[in-house]
Amino acid sequence: MTRSVGTLTRADLAETINRKLGFSRAESLDLVEAILTHMCEAMSSGENVKISGFGSFVLRDKKERIGRNPKTGVEVPITPRRVMTFRASQLLKERIAKG
C-alpha cells in the first residue's frame, strides 16, 4: 500500500479494503464514505461512537466561561459549545506502545 507519510487517508482505507476484501476501488471508497457518514450523523444527533478495540468518540457540552487572551491578558467570554474528544481503547494504547 502506498501511503502519504504520517497520515492515513480515506484513499488508504479504501485501498486496504480493495486488497483484503476484493471489492472494486469504487465500492471500497463508497464503503469508507458510508461508514464515516454514519458516524458523523450519529454524532450530529448527539450519540457517542464506540468502536470496540479502537476507541470512543465522545461528545461533551462545554459551558460558557471566561478566557484570557495570552498576549494582552484581556478577559473574553468563551461561548458554550459542543466538543468531540477521542478516547483510545486499552488495546489501541497497548498496540501503540509496542510500536
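This briefing walks through side-chain pairings, a surface patch and a few individual residues in the structure above.

The model is predicted, so local features need pLDDT of at least 70 and side-chain atom pairs count only at pLDDT 80 or more, while totals for chains, interfaces and linings use all residues. Residues are numbered from 1 along each chain as its sequence is written, and side-chain values use heavy atoms, with hydrogens and water left out. Helices (H or I, at least four residues) and strands (E, at least two) are DSSP runs, numbered from the N terminus.

**Aromatic pairs**

- The whole structure turns up two aromatic pairs; rings of Phe, Tyr and Trp (its six-membered ring) pair if their centres lie within 6.5 Å, with planes under 30 degrees apart called stacked, over 60 edge-to-face and the rest tilted.
- Phenylalanine 54 and phenylalanine 86 make a tilted pair, 5.4 Å centre to centre with 50 degrees between the planes.
- Phenylalanine 54 sits in the loop between strand S1 (49-51) and strand S2 (55-62) and phenylalanine 86 in strand S5 (residues 81-88), so this pair ties together parts 32 residues apart in sequence.
- Phenylalanine 57 and phenylalanine 86 have ring centres 4.9 Å apart and planes at 50 degrees, so that pair is tilted.
- With phenylalanine 57 in strand S2 and phenylalanine 86 in strand S5, the pair ties together parts 29 residues apart in sequence.
- Put together, ring pairs link Phe54, Phe57 and Phe86 into a cluster.
- On burial (buried is under 20% relative accessible area, exposed over 50%, partly exposed in between; 1.4 Å probe, protein chains only), phenylalanine 57 is buried at 16%, while phenylalanine 54 is partly exposed at 37% and phenylalanine 86 is partly exposed at 37%.

**Salt bridges**

- The count comes to four salt bridges, each being a side-chain nitrogen of Lys or Arg within 4 Å of a carboxyl oxygen of Asp or Glu.
- Arginine 25 and glutamate 15 meet in one of them at 2.5 Å, N to O; the pair links helix H2 to helix H1, 10 residues apart.
- Arginine 25 itself is exposed, at 55% relative accessibility.
- Arginine 82 and aspartate 61 form another at 3.0 Å, N to O, and with arginine 82 in strand S5 and aspartate 61 in strand S2, the pair ties together parts 21 residues apart in sequence.
- Arginine 82 is partly exposed at 48%, whereas aspartate 61 is exposed at 58%.
- Arginine 68 and glutamate 75 also meet in a salt bridge, at 3.2 Å, N to O; arginine 68 is exposed at 56%.

- Asparagine 18 is in helix H1 (residues 10-21) and is buried, at 19% relative accessible area.
- Leaving out residues up to four places away in sequence, asparagine 18 touches Phe23, Ser24, Arg25 and Ser28, where contact means heavy atoms within 4.5 Å.
- The asparagine 18 side chain reaches the backbone oxygen of phenylalanine 23 at 2.6 Å.

**Nonpolar surface patch**

- Leu21, Phe23, Leu31 and Ile35 form a nonpolar surface patch with about 350 Å² of accessible area together (Shrake-Rupley method, 1.4 Å probe; for residues, only the protein chains shown count as cover).
- Patches take residues with over 30% relative accessible area and no salt bridge, joining like charges within 9 Å and nonpolar side chains (Val, Leu, Ile, Met, Phe, Trp, Tyr) within 5 Å.
- Leucine 31 lies in helix H2 (residues 25-44) and is partly exposed, at 31% relative accessibility.

Conventions. Polar contact = N/O pair within 3.5 Å; in protein donor to acceptor, adjacent residues only side chain to side chain.
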